[in-house]
Amino acid sequence: MTRKTARRTQPASVEGLPADWRKQAKALRRYGGETPAVALDRCADDLEATLVERDETTFSLVEAARESGYSADHLGRLVRDGKIPNAGRPGAPRIARRDLPRKAHAPTEPPLAEKHRRGDVSNAQIVQSIIQRGIE
């Protein structure tokens with residue numbers, strides 16, 4: 001007799017991780033694993049809060065240019081033309097990260113492990129690194 005093993009499916013994106021973690025926490029609770037379930041729920045809460053904070057972060061046109069790979073002038077035109085919502089005010093436009101277009105070859109920061117020694121990295125930095133680059 002062959003036993004089928006459940007395959008773990010990958011979340012579609014970082015945004016899908018909190019729901020995946022909560023499902024895993026629910027399964028752990030069914031089998032008496034309250035402590036790891038609580039840890040997963042807390043991780044899901046932290047990640048959701050970080051995602052909201054990330055998406056609400058706004059950039060000046062110069063900062064947005066560095067982040068996206070597009071020029072500040074081009075981004076300014078997109079805001080003026082209404083193709084990107086202005087998260088700032090008239091005469092001082094800002095672009096929310098969630099609305100920021102990205103070039104495929106936009107510059108990225110070095111992986112978190114290259115920037116810091118392991119002991120110098122906070123949980124928030126680890127979550128932010130996973131959000132930005134995925135698990136390496």
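In this predicted model, the largest nonpolar core is formed by ten residues, namely Phe59, Leu61, Ala64, Ala65, Leu75, Leu78, Val79, Ile84, Ile95 and Leu100. Two helices, H3 (61–68) and H4 (72–80), each contribute at least two residues to this core. A second, separate core consists of five residues, among them Val14, Leu17, Leu47 and Ile131. In soluble globular proteins, nonpolar side chains tend to be buried together.

The packing of helix H1 (residues 17–30) against helix H2 (residues 34–56) was examined next. The crossing of H1 and H2 is left-handed. On the side of H1 the contact is made by Leu17, Pro18, Trp21, Arg22, Gln24, Ala25, Leu28 and Arg29, while the residues supplied by H2 include Glu34, Pro36, Leu40, Cys43, Leu47 and Glu48. Sorted by class, the contact of H1 with H2 comprises twelve nonpolar, one polar and six charged residues.

Asp20 is likewise located in helix H1. Because its relative accessibility is 15%, Asp20 counts as buried, the cut-off for that class being under 20%. Between Asp20 and Leu40, which are separated by 20 residues in sequence, the C-alpha to C-alpha distance is 9.5 Å.

Terms used:
Residues numbered from 1 in each chain as written. Predicted model: local features only at pLDDT ≥ 70, side-chain atom pairs only at ≥ 80, totals over all residues. Heavy atoms only, no water. Helix = DSSP H or I, 4+ residues; strand = E, 2+ residues; numbered from the N terminus. Buried < 20%, exposed > 50% of the residue type's maximum accessible area, 1.4 Å probe, protein only. Core = buried A, V, L, I, M, F, W, Y, C linked by side-chain atoms within 4.5 Å. Axes fitted to C-alpha atoms, helices over the stretch in contact; angles between N-to-C directions. Left-handed = near helix turned anticlockwise from the far one by under 90°. Contact = heavy atoms within 4.5 Å. Nonpolar A, V, L, I, M, F, W, Y, C, P; charged D, E, K, R; others polar.
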